[in-house]
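Biologist: I would like to go through this model term by term. Please say what each word rests on.

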Amino acid sequence: MTEPTLVLPEPGAHDAEIEQLFGASGTLGQAVGGYRPRKAQTEMAKAIALAISEQKTLIAEAGTGTGKTFAYLVPALLWGGKVIVSTGTKNLQDQLFLRDIPTVRKALNAPVSVALLKGRANYVCHFHLERTLQNGRLTSRDDVGHLREISRFMKTTASGDKAELSKVPETALIWNLVTSTRDTCLGSECQYYQDCFVMKARKEAQQADVVVVNHHLFFADVALKDTGVAELLPSANTIIFDEAHQLPETATLFFGDSVSTSQVLELCRDVLAEGLSHARDGAEWANVVIPVERAARDLRLAFPQDVVRLSVDQIASSSPFFTGLDTLKDELEKMTAVLEKQAERAETIELCRVRAVELGAQLAGWNSQRSKAGASSDDGQERVQWVEAFSSSLQLHQTPLSIAPIFSKQREGVPRAWIFTSATLAVKNNFDHYASQMGLSEEPAQTWPSPFDYDQQGLLYVPENMPQPNSLGYTDAVIDAALPVIEAAGGRAFLLCTTIRAVNRAAERLREEFSARKLPFPLLVQGEMGRTELLDRFRSAGNAVLIGSQSFWEGVDVRGEALSLVIIDKLPFSPPDDPVLAARISAMEKRGLNGFMHHQLPEAIINLKQGAGRLIRDETDRGVLMICDPRLISKPYGKRIWQSLPPFRRTRELAVATAFFEDMASQLVATAG
């Protein structure tokens, strides 16, 4: 295992160099079009350089427009040693790898090699592609066309990354048939192992100076040791998490454990196919899998409702769920015994046996009735066990109540720099909530304000006489209040909702109203097309109204006049019936803390800051942030919320909000003249 070797300079030794690089006549300014020095960006770069040089941890919040990407890339590329940069999404990963890092590397003339590493589901698998081409189990004409495109792509691609093949949508079902999972990869036994794109990407990452990953990949690896990051960590000197506000949720997902009936059904399908292909005489394969399939479906039917989220202690002891879980475990065990006898007949049958054993262990680990929410697991961590039912599957989850002790353990050992950065980590300049979630309570935290003049560029409008958010017809009241503002803005609006139900009702109402009032604003609704296509259409229309839920609250960048109004229907509190939230609050209250003030409120503030951050993306942007929720004014905690938002001018009067747009229009006319 290679340990990091980094020569540590004196604290602050790089300050003068950073001043020069980020200065008006520095190398960054010469390489980046429209570059302007920003004091906050320079100071942030100095703080990150210091953390890197001392191999320490830094929590760094940088307001929108600070230029945090360059602020961490410059010191990382110059002095970071082996660097892992982890970001929130694959799109941001591609942006860093294809645009931001090459720009900075060229400006600095830094001789660093860079690699991109994604999860295995992003790379076409030679073995699974060939198998799909041979057996042709395709259900639609689209699949046939997509498979032809993927087959052509494989002849020219060097990376096998499906992001390079724009002709096949990322959501196309065919990808599941031509990529591997941890369960279905043959590993070094595969005939294509030498050509494997996953292995190539991991090898490149091991040899590179800078590796770009995403949070899902990073934590999947820490939990599963299956993504190649584990091999990188020992030699890394610097770890940088961009969009670090997403880490608590992502880490919770991966430090937990889940198993679903759909995994069992997929295994049954593969067992039947592989058994008939390689060991037809070894067993009555249909009779082997049918009892397991029936048990999996019966377990889902233990909950007649369409959608269910319940912790184990909310399920009645008389529920058929518990007997159904025992039946599934028993039937899966019988199928595993058959697979054990036939495993030597083919590698793919052995693979099915391994999957069956793992699924059996996961189901057995879910201790049904005998385990209550908040019980400790083998690693001593408190976890909540809960079920989630979808239309045709049931998932069993074990989720840690806190990731802080687990993540702290990951950071022990060899000293290295850990940088956590985002535009939204603090609540009214206080980092306690984030730091306690991540186990960073003793670590330094700094914030650098946005360079934007929010007082001049934006207005916060909270309409009067709104009903309570839980009242019937609340979404209709939001639309009634928003319509005159949308008209005054000339469309050019995001309506951000906290639920899909609100998205659908708002879309229905706005369609009616736009038609009746003959308003020419294109209406774009989440779910009616992909996120990227919605945003492209929104930007090109110039006067559209886009209605979206959680996925549009963050990571969306629309600069200029196309977006001049952001409407938020409600404060984004998590649903109180969420079993993980309920267990967390219960655990906090046992420690004498107030669950609402110490968890729900700070979470809602950080989410709201993300939504509000969609409005002003540039020094020339102007617009209105309209928050319809009356609790912002009526509740004692409301002040803490709006004090955490950018310092917009504030009003409760519709006339002031509409006058803002009239003023914008007259300024545009004056500028054009």
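## Terms and the values behind them

Modeller: The place of Lys428 is in the loop between strand 11 and helix 18. Keep in mind that this is a predicted model.

Biologist: What makes Lys428 partly exposed?

Modeller: Lys428 has a relative accessible area of 47%. Buried means under 20% and exposed means over 50%, so Lys428 with its 47% counts as partly exposed.

Biologist: What is the phi of Lys428?

Modeller: Phi of Lys428 is near 50°, a positive value, and Lys428 is a residue other than glycine.

Biologist: Why is Glu243 called buried?

Modeller: The relative accessibility of Glu243 is 15%. The limit for buried is under 20%, so Glu243 counts as buried.

Biologist: Where does Thr424 lie, and what makes it buried?

Modeller: Thr424 lies in the loop between strand 11 (417-422) and helix 18 (432-438). Its relative accessible area is 3%, and buried means under 20%, so Thr424 is buried.

Biologist: How do you know that the side chain of Thr424 makes a polar contact with the side chain of Gln610?

Modeller: The distance for Thr424 and Gln610 is 2.6 Å, and the cut-off for a polar contact is within 3.5 Å. Gln610 is also among the residues that Thr424 touches, along with Glu61, His245, Ile606 and Lys609, not counting residues up to four places away in sequence.

Biologist: Where is Thr250, and why does it count as buried?

Modeller: Thr250 lies in helix 12 (residues 247-255). With a relative accessibility of 7% against a limit of under 20%, Thr250 counts as buried. Residues up to four places away in sequence aside, Thr250 touches His215, His216 and Phe219.

Biologist: How many residues apart in sequence are Thr250 and Gly88, and what separates them in space?

Modeller: Thr250 and Gly88 are 162 residues apart in sequence, and 9.3 Å apart in space from C-alpha to C-alpha.

Biologist: What are the values for Pro102 and Glu508?

Modeller: Pro102 and Glu508 are 406 residues apart along the chain, and their C-alpha atoms are separated by 45 Å.

Biologist: What makes Pro102 partly exposed?

Modeller: Pro102, whose place is in helix 5, has a relative accessible area of 27%. Neighbours within four places in sequence aside, Pro102 is in contact with Leu96 and Phe97.

Biologist: Asp94 lies in helix 5 (residues 90-108) as well. Why does Asp94 count as buried?

Modeller: Asp94 has 18% relative accessibility. Buried means under 20%, so Asp94 counts as buried. Apart from neighbours within four places in sequence, Asp94 is in contact with Arg99, Leu116, Lys118 and Ala163.

Biologist: Now the helices. Why are helix 6 and helix 7 called oblique to each other?

Modeller: The axes of helix 6 (residues 126-135) and helix 7 (residues 141-156) cross at roughly 140° and come within 11 Å. Roughly antiparallel would need an angle over 145 degrees, and roughly perpendicular runs from 65 to 115; helix 6 and helix 7 are therefore oblique. Their crossing is left-handed.

Biologist: Which residues of helix 6 and helix 7 meet?

Modeller: His126, Leu129, Thr132 and Leu133 in helix 6 meet Leu147, Ile150, Ser151 and Met154 in helix 7. By kind, the residues of this contact are five nonpolar, three polar and no charged.

Biologist: Which residues of helix 6 are buried, and what do they pack against?

Modeller: Phe127, His128, Leu129 and Thr132 are buried in helix 6. The buried residues of helix 6 pack against helix 7, helix 8 (174-178) and helix 16 (347-365).

Biologist: What describes the packing of helix 1 and helix 3?

Modeller: The axes of helix 1 (residues 15-22) and helix 3 (residues 39-54) come within 10 Å and cross at roughly 145°. Helix 1 passes helix 3 in a right-handed crossing. The residues of their contact divide into four nonpolar, two polar and four charged.

Methods. Residues are numbered from 1 along each chain as its sequence is written. This is a predicted model: local features need pLDDT of at least 70, side-chain atom pairs count only at pLDDT 80 or more; totals for chains, interfaces and linings use all residues. Side-chain values use heavy atoms; hydrogens and water are left out. Axes are lines fitted to C-alpha atoms, for helices over the stretch in contact, and angles run from 0 to 180 degrees between N-to-C directions. Helices (H or I, at least four residues) and strands (E, at least two) are DSSP runs, numbered from the N terminus. Angles under 35 degrees count as roughly parallel, over 145 as roughly antiparallel, 65 to 115 as roughly perpendicular and the rest as oblique. A crossing is left-handed if the near helix is turned anticlockwise from the far one by less than a right angle, and right-handed if clockwise. Contact means heavy atoms within 4.5 Å. Ala, Val, Leu, Ile, Met, Phe, Trp, Tyr, Cys and Pro count as nonpolar, Asp, Glu, Lys and Arg as charged, and the others, Gly among them, as polar. Buried means under 20% relative accessible area, exposed over 50%, partly exposed in between (1.4 Å probe, protein chains only). A polar contact is a pair of N or O atoms within 3.5 Å; within protein, one must be able to donate a hydrogen and the other to accept it, and residues adjacent in sequence count only if both atoms are side-chain atoms.
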